[in-house]
Amino acid sequence: MAIDAATVRKVARLARIATPEERLEPLAQELNGIMTWIEQLAEVDTDGCEPLTSVVAAGLPLREDVVTMGGDPARVTSNAPKSINNFFVVPKVVE
Amino acid sequence: MSLTNLTLKAAIDGLAAREFTSVELTRAHIDAIEAARGLNAYILETPDKAIDMAAKSDARRALGEAGPLEGAPLGVKDLFCTNGVRTTACSKILENFVPTYESTVTSQLWRDGAVMLGKLNLDQFAMGSSNETSYFGPVTNPWRAQGSTKALTPGGSSGGSAAAVAADLCLGATATDTGGSIRQPAAFTGTVGIKPTYGRCSRWGVVAFASSLDQAGPIAKTVEDAALLLTSMSGHDPKDSTSLDIPVPDFTQFVGKSVKGLKIGIPKEYRVDNMPAEIEKLWQDGIAWLKEAGCEIVDISLPHTKYALPAYYIVAPAEASSNLARYDGMRYGLREEGANLTEIYENTRASGFGDEVKRRILIGTYVLSAGYYDAYYLKALKVRRRIAEDFDNAWTKCDAILTPTAPSAAFGLGENSNDPIAMYLNDVFTVTTNLAGLPGLSLPAGLDANGLPLGLQIIGKPLDEATVFSVAGAVEKAAGFTAKAEKWW
């Protein structure tokens, strides 16, 4: 499956990374090189093989559903690119 | 003998014997760091904080309250969040990020009395094998080939940590390893590095790359120093749901323990085309040393080894594309302007991420996208199980596995940077343990013909760092590796 410029444009949009038109073709070639190398996985017999999603055998731990942190908005917003009165300032998203 | 030449263990002993103070020891390291800025190992020096921590450490010692690492100055990979101290992951998007909390691993080092010297350079978001993807520029390896002044890579992603330890700019350093990022730099710089079993060290407060593979660990001057640091860094943390709730032994007690009767597996697949004969020879030396120490050598097969890297380059980018979705320019980090919300996201991420990070996000997004998920992502997870099964089979025949750490010695800066796959192949011997969650340790065992260090890797069963440290201790003793980078910086 070859990756073309249109695929790169679509994937870059999904990933929310602005990609100039002239970079699409070179990126397609780069990604194709990597994906072609990855194709060798097709050689591996994985019939009846369960996907391995976690190397930790134990189940996920549960904890009490209680507030453990909070009440410190100044700390939470201290790295915000824009904030006013401990609120994040975000672009207008509704007209 | 300068105070910076000491091992961590010798420094702790010297502090305990009141031969010098932590302030003196820390000051010596601060001076060494200032004189070594050309290496670019530290991207942020925190001398005032270091002296303050050292003075408090000396005060605690005077009160008889010394912790296991009391007064020891360490470096911190800039992937660990440090409260009030800028943490960038060596990216532009986090260039001005100042955490208001401390990673669990570093907080445990400070709990045990250690002193922070500053933050160490790395490949951007830990994605790289040469430190060249850092937004702050590459680290230069303190080692040079004999008779050459060519700048070599210290490896990556923990290149700053490895270079700082090799150049005596700290007594030990924190590092992280997703595909080999502790062990390959350790091999390239003549230092010791261990990635423990997945879940030993909390990932809380460590900037995430690929969460099912990321593990913290130390880079140190000796096997014993690595054991000291790992003992302090390990332990259960309720804030990381994959953190293992099991006791942490004092790993130092296993260094120097007899390895007589242990079965050491030698996997025939750990050879690659064009691997220097010196690496094969060093491996044979390692086998001979362990035989001499009373180990039984067993030939084993890990048949899916060659598929580990291709599987990794699906799993890791997939997880990275998800993890790095958080950098949206809204709550923290860089924000670039745009005509609408989507444009702001796109411009922020295009400007804030480097080329290798973008490449991996695009691969990850592609393999997770509709129509490709089963063919790529699920397939890779199944191959991952095959790789884990290879090790399960091996453990029926042996107690630990000996391999080379990397397929080459340190290479020149710029030599592999235009060929992603050539760069990825650096991790061919280390990435298998990340996929299987196993502990792996690299230690220096010899020099190549150019006088550059080469490493051997010891892989252990899950949670059996103890055996890994015993075998590493035996190899270290037999190898008698004492070479240091000749100071030119």
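Two residues are in contact if their C-beta atoms, placed from the backbone, lie within 7 Å. This is a predicted model, in which local features need pLDDT of at least 70 and side-chain atom pairs count only at pLDDT 80 or more, while totals for chains, interfaces and linings use all residues. Residues are numbered from 1 along each chain as its sequence is written, and chains are lettered from A and ligands numbered from 1 in the order in which they are written.

**View 1. The contact between chain A and chain B.** Chain A brings 38 residues to the contact and chain B brings 52 residues. On the side of chain A that touches chain B, α1 (5-14) and α2 (21-38) each supply at least two residues; helices (H or I, at least four residues) and strands (E, at least two) are DSSP runs, numbered from the N terminus. The most is given by α2(A), with six residues. By class, this side of chain A has 25 nonpolar, eight polar and five charged residues. Here Ala, Val, Leu, Ile, Met, Phe, Trp, Tyr, Cys and Pro count as nonpolar, Asp, Glu, Lys and Arg as charged, and the others, Gly among them, as polar.

**View 2. Helix α2(A) against helix α9(B).** The axes of α2(A) and α9(B) (residues 308-323) come within 9 Å and cross at roughly 125°. Axes are lines fitted to C-alpha atoms, for helices over the stretch in contact, and angles run from 0 to 180 degrees between N-to-C directions. The helices α2(A) and α9(B) are therefore oblique to each other, as angles under 35 degrees count as roughly parallel, over 145 as roughly antiparallel, 65 to 115 as roughly perpendicular and the rest as oblique. From α2(A) the contact uses I34(A), W37(A) and I38(A), and from α9(B) it uses P310(B), Y313(B) and I314(B). These comprise six nonpolar, no polar and no charged residues.

**View 3. Helix α9(B) and the largest nonpolar core.** In α9(B), 14 of the 16 residues are buried, so this helix is largely enclosed by the rest of the structure. A residue is buried if 20 or more other C-beta atoms lie within 10 Å of its own, exposed if 12 or fewer, and partly exposed in between. The largest nonpolar core has 168 residues, of which A41(B), L74(B), A164(B), A311(B) and I314(B) touch the most other members. Such a core is a set of buried Ala, Val, Leu, Ile, Met, Phe, Trp, Tyr and Cys residues joined through C-beta atoms within 7 Å. With 10 residues, α9(B) gives the most to this core. Beyond its neighbours within four places in sequence, L74(B) has contacts that include L109(B), M116(B) and C170(B).

**View 4. F254(B) in its loop.** F254(B) sits in the loop between α7 (223-233) and β7 (263-267) of chain B. It is buried, with 21 other C-beta atoms within 10 Å. Not counting residues up to four places away in sequence, F254(B) touches A466(B), F469(B) and S470(B).

**View 5. Backbone features in loops of chain B.** Most residues other than glycine have a negative phi, and most peptide bonds are trans. G156(B) and S157(B) are joined by a cis peptide bond, with omega about 10°. The loop holding S157(B) runs between β3 (115-120) and α5 (159-166). D168(B), in the loop between α5 and β4 (172-177), has a positive phi near 60°. It counts as buried, with 22 C-beta neighbours inside 10 Å. L463(B) has a positive phi of about 65° and counts as partly exposed, with 17 C-beta neighbours inside 10 Å.
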